Amino acid sequence: MGAVRRGRAWSALVVPVMAPIALLVLLRSSDSLDVFYRDASVHLIVVSIIAGCALVVALAAASASARAAHHGPVWLAVGCVSVGVLMLAHGLVTPTVLGQPINVWVGRLPYVAITLFAVSLLLAGRARNTGTSRLAARRPVLLIAAWGLALTALSGGLVARPTALLGAQPLASEDTILWTVAVLDAGMLLVLAVTHWRRWRLGHDVVQYSLSLAALACVAALLSLRTGELWRLSWWDYHGFLLAGYGGAVYAVVVRYRRTRAVDEVLAATFEHDPMRHIVDGYPDALKTLVRAVEIKDHYTHGHSERTSRLAVQLGLRMGMPSDTLRALARGAYLHDVGKIAIPDEILNKPGRLTPDERTVIETHPEVGYELVAPSRSLAEALPVVLHHHERWDGGGYPSSLSGTDIPLIARVAAVADVWDALTSDRSYRAGVAPRDALAHIEAGSGTHFDPNVVDAMVSLAVDWGYTSAPAHGGSADTAWQAAQSCHEIA
């Protein structure tokens, strides 16, 4: 099943790349297929629709940038304004439209538009502390407005005199320059497509995929521009590619607005580097509903589940897990205690120690959680964590007494994250232990209670945080194990 999901994920990236290439090869192989169709008015209509789609996205991004104080939507707006204004100018300088003469700018403007879009998306993805990011976050409206006015003025001048600015005839090295620009643009756009595709895999957010598709559409458009023959179908294709890319972006924005009514936050989060942000934004409604229900019943679970999920993802990243696995790990860790919703209040919220019978009831929560989550297809990937997060490496855990690698990997990772947070968090009956002591307890359980590889990742992560274990005080594997069994004092 995992291989099937990975295959589908890869196809979501590869197909938009290969399909245009295959289509162009097919068209260029036969003049009978590469139909000639020349109509400047239709061309103007098509590029106007492309421009309109880009400007709709620009408007949504500009609105988000004004409210979210994040540089990402600002540069997205700049890029889409560039496409919108310059593609409209491209249509208006087309020879015979408005009586326009033969000119070179009609062929240059699509390259300029795509280049500015690529550069803008690269700037949108930069860290918050860079100069361009700080500038965009401080003056979002001014930057977008100034850029839009400058491009409008330039485009207006070209529409008025399309032969100006070396537009009367091609430069001696025009073809070489355009090939160079196309190759550089394609390189940038492919990097952007992969970046947003990876983020889409984390949370399955339609906006992420739409940006990946828009980048790939621009690559396909460049290919069509460079290899297609003017006014033939192989050349008209580039308009179709751009329309698909920016039309898809408009669709994604509309879908997210209808679903969340919070496009501002969505577009701001689109350019965050933290994988957990993308995973959380992609949480399905079923997950949120279940977690809210548990939070109402057990307030301890709320903070614990979120912290466990975040730490589990950090461990997964340290261990080199792929995006799909990280998403399953995060959702499973967030839901790992959902079965406690069925535990009677008099046991779940009992002050002090539990009796052996009450502890037996508590230990049913993995199986109860599994039964609660299993009917939701969107949460199927979380089930291994929900059911097996209390298994032990030596087979002494529950509910299935699995051991070693028979325990699903994401459950083994979640188990260590669960224990770390349980040890370091304050409880009603004790204060959280010091991180170095918690680390010593977890290390003591390596190879008996916990997967040694996961423990190594936890140690490595703790060292990055400035913690090392306290071997002088010794660690207790049983202390680590018992800490995560419930939020009650251990008898």
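**Helices side by side**

Mentor: Let's start with a pair of helices: α20 and α21 are roughly antiparallel to each other, because their crossing angle is over the 145 degree cut-off. Keep in mind that this is a predicted model.

Trainee: Okay, at what angle do the axes of α20 and α21 cross, and how close do they come?
Mentor: They cross at roughly 160°, and the axes come within 10 Å. Helix α20 covers residues 435-444, and helix α21 covers residues 452-465.

Trainee: Why do you give me both an angle and a distance?
Mentor: Two packed helices are described by the angle between their axes and the distance between the axes.

Trainee: Is that crossing left-handed or right-handed?
Mentor: The crossing of α20 and α21 is left-handed.

Trainee: And which residues meet there?
Mentor: From α20 you have L439, I442 and E443. On the α21 side, their partners are V455, M458, V459 and A462.

Trainee: Let's zoom out. How many helices and strands does the protein chain have?
Mentor: There are 22 helices and zero strands. The C-alpha trace spans about 90 × 50 × 40 Å along its principal axes.

Trainee: What share of the residues is buried?
Mentor: Of the 491 residues in the protein chain, 52% are buried.

Trainee: What span should α14 have, and what does the model give?
Mentor: Helix α14 runs over residues 323-335, so at 1.5 Å a residue it should span 18 Å. Its end C-alpha atoms are 18 Å apart, which agrees.

Trainee: New topic: how many disulfides are there?
Mentor: Searching the whole structure turns up zero disulfides. For C53, the nearest cysteine sulfur belongs to C80 and is 10 Å away. For C218, the nearest is again that of C80, at 9.2 Å.

Trainee: Are C53 and C218 buried or exposed?
Mentor: C53 counts as buried because its relative accessibility is 16%, and C218 counts as buried at 0%.

Trainee: Last one: where does R232 lie?
Mentor: R232 is in the loop between α8 and α9. At 17% relative accessibility, R232 counts as buried.

Trainee: Which residues does R232 touch, leaving aside its neighbours within four places in sequence?
Mentor: R232 is in contact with D31, D34, V35 and F36.

Notes:
Residues are numbered from 1 along each chain as its sequence is written. This is a predicted model: local features need pLDDT of at least 70, side-chain atom pairs count only at pLDDT 80 or more; totals for chains, interfaces and linings use all residues. Side-chain values use heavy atoms; hydrogens and water are left out. A disulfide is a pair of cysteine sulfur atoms within 2.5 Å. Buried means under 20% relative accessible area, exposed over 50%, partly exposed in between (1.4 Å probe, protein chains only). Helices (H or I, at least four residues) and strands (E, at least two) are DSSP runs, numbered from the N terminus. The expected span of a helix is 1.5 Å times one less than its number of residues. Axes are lines fitted to C-alpha atoms, for helices over the stretch in contact, and angles run from 0 to 180 degrees between N-to-C directions. Angles under 35 degrees count as roughly parallel, over 145 as roughly antiparallel, 65 to 115 as roughly perpendicular and the rest as oblique. A crossing is left-handed if the near helix is turned anticlockwise from the far one by less than a right angle, and right-handed if clockwise. Contact means heavy atoms within 4.5 Å.
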